[in-house]
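Colleague: I would like to learn how to read a model like this one. Please take me through it feature by feature.

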Amino acid sequence: MRAYWYDNEAGDQRELHDSGREVPAEYLEKLGVLYFRMEDVAQVDKLAADRSYKNRDTIVVSPESMGAVYEEKVKSFFNEHLHEDEEIRYIRDGTGFFDVRSEHDEWVRIQLEKDDLIVLPAGIYHRFTTDSKNYIKAMRLFQDEPKWTPLNRSSEVDSNPFRKQYLETKSAGVA
Ligand SMILES: CSCCC(=O)/C(O)=C/O
Ligand SMILES: [Fe+2]
């Protein structure tokens with residue numbers, strides 16, 4: 001894992017967009033974003049049990065696995081959105097980026113590779129993209145039924161109770 005400030009330059013979302021300014025894991029924690037290196041699936045099993053996650057699946061995001069809809073799917077993952085649940089992703093192969101909004105609404109880019117596990121809190125605005133290698137395989141963990149419900153950013157979603165709760169816990173320094 002490496003985290004850095006996104007450079008906001010024009011260009012394909014899959015490029016690095018590396019400003020060269022690093023973001024420490026402690027800052028991610030302040031945003032409520034947790035990161036773990038897990039070389040053993042037993043560690044993932046424990047995290048899942050501790051947080052009452054019952055289900056999981058594996059997604060491969062690549063032109064080979066998705067065919068004609070790949071580009072469309074990658075664009076859809078890159079729409080800024082939030083979820084009403086935590087998002088846990090455990091990278092099993094390949095590489096990609098999760099971008100999360102900072103407290104001042106700047107993008108922090110989180111570069112992930114095999115054995116990286118990330119937990120995004122409910123209510124944080126974020127987006128995902130593959131990188132220029134166009135391949136990532138990730139385990140998705142779900143507390144209940146596997147579902148992916150993104151709420152794209154809008155003034156209505158800004159007032160979503162999970163968004164409000166996230167902002168409250170973050171400003172109280174407990175996110
Ligand atoms: C690498 S998992 C695919 C992207 C995804 O599941 C997600 O939730 C993006 O926000
Ligand atoms: Fe998401």
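Modeller: Start with burial. A residue is buried if 20 or more other C-beta atoms lie within 10 Å of its own, exposed if 12 or fewer, and partly exposed in between. Keep in mind that this is a predicted model.

Colleague: Is H81 buried or exposed?

Modeller: H81 has 21 other C-beta atoms within 10 Å, so H81 is buried. The residue lies in strand β5, residues 81-82.

Colleague: What does H81 touch, leaving out residues up to four places away in sequence?

Modeller: R127, P150, L151, N152 and R153.

Colleague: Which residues does UniProt list for "binding site"?

Modeller: The unreviewed UniProt entry lists H81, H83, E87 and H126. They span 46 residues in sequence, yet no two of their C-alpha atoms are more than 11.7 Å apart, so they gather at one spot.

Colleague: Where does H126 sit, by strand?

Modeller: H126 is in strand β10. It has 23 C-beta neighbours inside 10 Å, so H126 counts as buried. Beyond four places in sequence, H126 is in contact with F98, D99, V100, R101 and L120.

Colleague: Now the ligand. Which residues surround ligand 1?

Modeller: The shell holds I59, V61, F77, E87, R89, G96, H126, F128, I136, A138, R140 and W148. Two or more residues each come from β4 (55-61), β6, β10 (126-130) and β11.

Colleague: Next, the core. What is the general idea?

Modeller: In soluble globular proteins, nonpolar side chains tend to be buried together. In this model, the largest nonpolar core has 27 residues. Those with the most contacts inside it are V33, F98, V100, V108, I110, I118 and I124.

Colleague: Which strands supply at least two residues of this core?

Modeller: They are β1 (2-6), β6 (87-94), β7 (96-101), β8 (107-112), β9 (116-120) and β11 (136-142). β8 gives the most, with four residues.

Colleague: What does V108 touch?

Modeller: Setting aside residues up to four places away in sequence, V108 touches A3, W5, Y6, V23, D99, V100 and S102. V100 is also among the core residues with the most contacts.

Colleague: Let us step back to the whole fold. How many helices and strands are there?

Modeller: Six helices and 12 strands. The radius of gyration is 15 Å, close to the 16 Å that the globule rule gives for 175 residues, so the protein is as compact as a globular protein of that length. Along its principal axes, the C-alpha trace spans about 45 × 40 × 30 Å.

Colleague: What share of the residues is buried?

Modeller: Buried residues make up 25% of the 175. Take contacts between residues at least 6 apart in sequence: 75% of them join residues at least 24 apart.

Colleague: How should I read backbone angles?

Modeller: Most residues other than glycine have a negative phi, and most peptide bonds are trans. Look for departures. Phi of H17 is near 50 degrees, a positive value in a residue other than glycine. H17 lies in the loop between β1 and β2 (18-22). With 20 C-beta neighbours inside 10 Å, H17 counts as buried.

Colleague: What is phi of D115, and where does D115 sit?

Modeller: Phi of D115 is near 80 degrees, again a positive value in a residue other than glycine. D115 belongs to the loop between β8 and β9. With 18 other C-beta atoms within 10 Å, D115 is partly exposed.

Colleague: Last, sequence distance against space. How far apart are D57 and E145?

Modeller: They are 88 residues apart in sequence and 10 Å apart in space, C-alpha to C-alpha. D57 is in strand β4. It has 11 C-beta neighbours inside 10 Å, so D57 counts as exposed.

Colleague: How far apart are G32 and E15?

Modeller: G32 and E15 are 17 residues apart in sequence and 26 Å apart in space, C-alpha to C-alpha. G32 is in the loop between α1 (25-30) and β3 (34-37). With 19 other C-beta atoms within 10 Å, G32 is partly exposed.

How values were computed:
Residues numbered from 1 in each chain as written. Chains lettered and ligands numbered in written order. Predicted model: local features only at pLDDT ≥ 70, side-chain atom pairs only at ≥ 80, totals over all residues. Core = buried A, V, L, I, M, F, W, Y, C linked by C-beta atoms within 7 Å. Contact = placed C-beta atoms within 7 Å. Near = placed C-beta within 6 Å. Rg over C-alpha atoms; globule rule 2.2 N^0.38 Å. UniProt positions renumbered as here; feature names shortened; annotations may be inferred.
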